[in-house]
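Student: I would like to learn how to read a model like this one. Could we take it feature by feature?

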Amino acid sequence: MKLEEKLEHSESLVGRSQPCLHDTHQANGKPRANGKAEVYEKQEANGKGGSLRKCLNLYTWQEVQKHNKEADQWLVIDRKVYNVTDWAGKHPGGHRVLNHYAGEDATDAFRAMHLDLSIVQLYLKPLLIGELSPEEPSQEKNKNPQLVEDFRELRKTLETMNMFSANLGFFFLHLAQILVLEVLAWLILRHFGTGWTVTILVSFLLTVSQAQSSFLQHDIGHLSMFKTSKWNHLMHKFVMCHLKGLSADWWNYRHFQHHVKPNIYPKDPDIDVGPLFLLGDTQPVKYGKKKIKYIDYEKQHLYFYMVALPLLMPVYFNLQSMQVMYLRKYWTDIAWVSSFYIRYFITFGPFYGIFGTVLLIYLVKFIESPWIAYVTQMSHIPMKMSREENHDWLSTQIVATCNIEQSFFNDWFTGHLNFQIEHHLFPTMPRHNYHKVAPLVKSLCAKHGLQYINKPILKAFGDIVRSLKKSAALWMDAYYE
């Protein structure tokens with residue numbers, strides 16, 4: 001976006017304007033008393049008709065950082081200052097994502113989370129209120145400018161290498177795997193009946209189908225399948241709502257918060273699991289010092305097996321999805337999710353009846369739950385958790401994520417989330433390209449002294465429990481001191 005936008009009376013371009021350095025503002029960073037954020041000048045250029053030149057206010061980082069409340073949200077993208085307060089409620093990714101970056105530089109998060117920047121910038125234009133003063137750095141002073149520049153150069157390199165272009169054949173084969181497993185389950189029931197052995201086999205096939213649907217919806221929710229957001233959103237409804245029976249909008253609003261601020265209290269909803277579990281180093285100490293003991297936290301690593309693993313999908317995610325759809329009136333998602341249950345009743349109702357089909361649905365979710373819980377938590381729970389420290393994009397993601405060693409099985413079993421670092425740095429990148437990008441990311445981390453963690457999958461599973469035990473010990477020390 002240009003420093004100055006020209007509002008011309010004709011379609012002809014008049015030539016580039018220079019910054020209007022005389023345009024000033026009050027010390028509190030707000031516009032002049034007349035309420036206008038811009039000053040317009042009549043100008044002649046190259047002998048052509050007059051045009052209006054829009055000059056932007058200049059702000060310091062100190063002034064921008066004051067606007068970090070839900071009722072007053074400014075953020076910076078490519079040195080431009082935007083007031084997103086009124087727009088936040090209309091933001092397709094949810095209002096909280098914007099609030100999490102209020103008063104901060106959101107350039108890299110903006111690039112990471114959006115597919116077509118040219119379209120998104122059309123929505124930004126009316127929100128533009130100024131830019132950083134020339135003497136101000138492009139990012140906050142606590143950030144390493146060389147690290148930020150190196151990461152942005154890496155992204156440009158990956159764009160040149162077409163690492164953000166999807167292989168549609170890969171994704172359609174993945175979708176075919178899901179559909180074939182469901183059809184196979186129906187054929188087995190039709191030919192062999194509903195005995196216990198058959199039901200166990202059918203449940204296993206449907207569990208694999210559901211887990212792989214989880215990974216596919218995750219890809220599409222990040223707009224990594226098609227080149228246009230419209231087709232990604234439509235396919236996401238089909239996979240998440242119709243194939244899995246969960247709300248796509250609920251997932252996106254929740255998941256995008258996790259991506260922009262991973263492992264950061266209280267912005268990441270994935271680590272907001274109190275009072276059931278205490279995670280990281282600070283939350284257990286806080287609970288302990290306040291003598292809070294809702295449950296026996298020193299045994300939380302044990303009831304992780306009894307509560308978190310089996311109940312994540314059938315209870316927590318399922319009920320939260322239904323609650324959000326109803327309260328926020330996501331009628332489109334409600335219709336799509338209804339089609340999931342209708343399809344199951346039509347497909348499996350003749351074999352099990354209505355009650356039996358409901359039991360089958362939740363049995364599959366129950367079996368799927370440990371699979372998804374392990375895959376989604378192994379890369380984050382053992383990593384650093386903290387309150388907002390406003391680090392650069394690369395550092396924010398690296399300290400909160402880790403990778404799992406690559407193998408054909410690990411790639412399939414985790415939906416390529418064994419490359420969690422690359423996924424967090426480049427959410428819209430198709431996952432079949434993660435392994436190509438990983439060496440470049442690792443090299444950049446080594447250059448700037450950032451720890452790039454890559455571990456065996458079984459160790460990653462065990463680290464979840466070890467992390468819970470460590471947090472419990474911190475709580476005990478603070479509680480009984």
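**Reading the model**

Tutor: Start with the record: UniProt, in an unreviewed entry, places the feature "transmembrane region" at residues 164-189, 195-216, 302-321 and 341-364. Keep in mind that the structure is a predicted model, and that such annotations may be inferred rather than shown by experiment.

Student: What helix and strand content does the model give residues 195-216, and how far apart are the end C-alpha atoms?

Tutor: The span 195-216 is 95% helix and 0% strand. Its end C-alpha atoms lie 31 Å apart. For residues 302-321 the model gives 100% helix and 0% strand, with 27 Å between the end C-alpha atoms.

Student: How many helices and strands does the protein chain have?

Tutor: The protein chain has 17 helices and 11 strands. Two further totals describe the chain. Of its 481 residues, 54% count as buried, the cut-off for buried being under 20% relative accessible area. Among contacts between residues at least 6 apart in sequence, 71% join residues at least 24 apart.

Student: Now helix packing. At what angle do α7 and α12 pack, and how far apart are their axes?

Tutor: Read the angle and the axis distance together. Helix α7, residues 196-221, packs with helix α12, residues 331-377, at about 60 degrees, and the axes are 8 Å apart. That angle makes α7 oblique to α12, because angles from 65 to 115 degrees count as roughly perpendicular and those under 35 as roughly parallel. The crossing of α7 and α12 is right-handed.

Student: Which residues make the contact between α7 and α12?

Tutor: On α7 they are T199, S203, L206, T207, V208, Q210, A211, Q212, S214 and F215. On α12 they include F340, Y344, F348, Y352, W371 and V375. By class, the contact of α7 with α12 divides into 15 nonpolar, 6 polar and 1 charged residues.

Student: How does the pair α10 and α17 cross, and at what angle?

Tutor: Helix α10 covers residues 282-289 and helix α17 covers residues 457-479; their axes come within 7 Å and cross at roughly 25 degrees. Therefore α10 is roughly parallel to α17, since angles under 35 degrees count as roughly parallel. The crossing of α10 and α17 is right-handed. Contact is made by P284, V285, Y287, G288 and K289 of α10 with S471, L474, W475, A478 and Y479 of α17. In the contact of α10 with α17 there are 7 nonpolar, 2 polar and 1 charged residues.

Student: Let us turn to single residues. Is Q300 buried or exposed?

Tutor: Check the accessible area, then the neighbours. Q300 is buried, with a relative accessible area of 0%, and lies in helix α11, residues 300-327. Leaving out residues up to four places away in sequence, Q300 touches F277, L278, L468, S471 and A472. Of these, S471 is also one of the α17 residues in the contact with α10. Q300 and L278 are 22 residues apart in sequence, and their C-alpha atoms are 8.1 Å apart.

Student: Where is I295, and what does I295 touch?

Tutor: I295 sits in the loop between α10 and α11. With residues up to four places away in sequence not counted, I295 touches P275, L276 and Y303. The C-alpha atoms of I295 and P275 are separated by 8.0 Å, while the two residues are 20 apart along the chain.

Student: What about the backbone: where is there a cis peptide bond?

Tutor: Look at omega. The bond from Y265 to P266 is cis, with omega near -15 degrees. P266 lies in the loop between β8 (264-265) and α10.

Student: And which phi values does the model give N390 and H416?

Tutor: N390 has a positive phi of about 55 degrees although it is not a glycine. N390 is in the loop between β9 (386-387) and α13 (393-400), and is buried at a relative accessible area of 13%. H416, also not a glycine, has a positive phi near 65 degrees. H416 lies in the loop between α14 (408-414) and α15 (420-425), and at 12% relative accessibility H416 counts as buried.

Technical notes
Residues numbered from 1 in each chain as written. Predicted model: local features only at pLDDT ≥ 70, side-chain atom pairs only at ≥ 80, totals over all residues. Heavy atoms only, no water. Helix = DSSP H or I, 4+ residues; strand = E, 2+ residues; numbered from the N terminus. Axes fitted to C-alpha atoms, helices over the stretch in contact; angles between N-to-C directions. Parallel < 35°, antiparallel > 145°, perpendicular 65-115°, else oblique. Left-handed = near helix turned anticlockwise from the far one by under 90°. Contact = heavy atoms within 4.5 Å. Nonpolar A, V, L, I, M, F, W, Y, C, P; charged D, E, K, R; others polar. Buried < 20%, exposed > 50% of the residue type's maximum accessible area, 1.4 Å probe, protein only.
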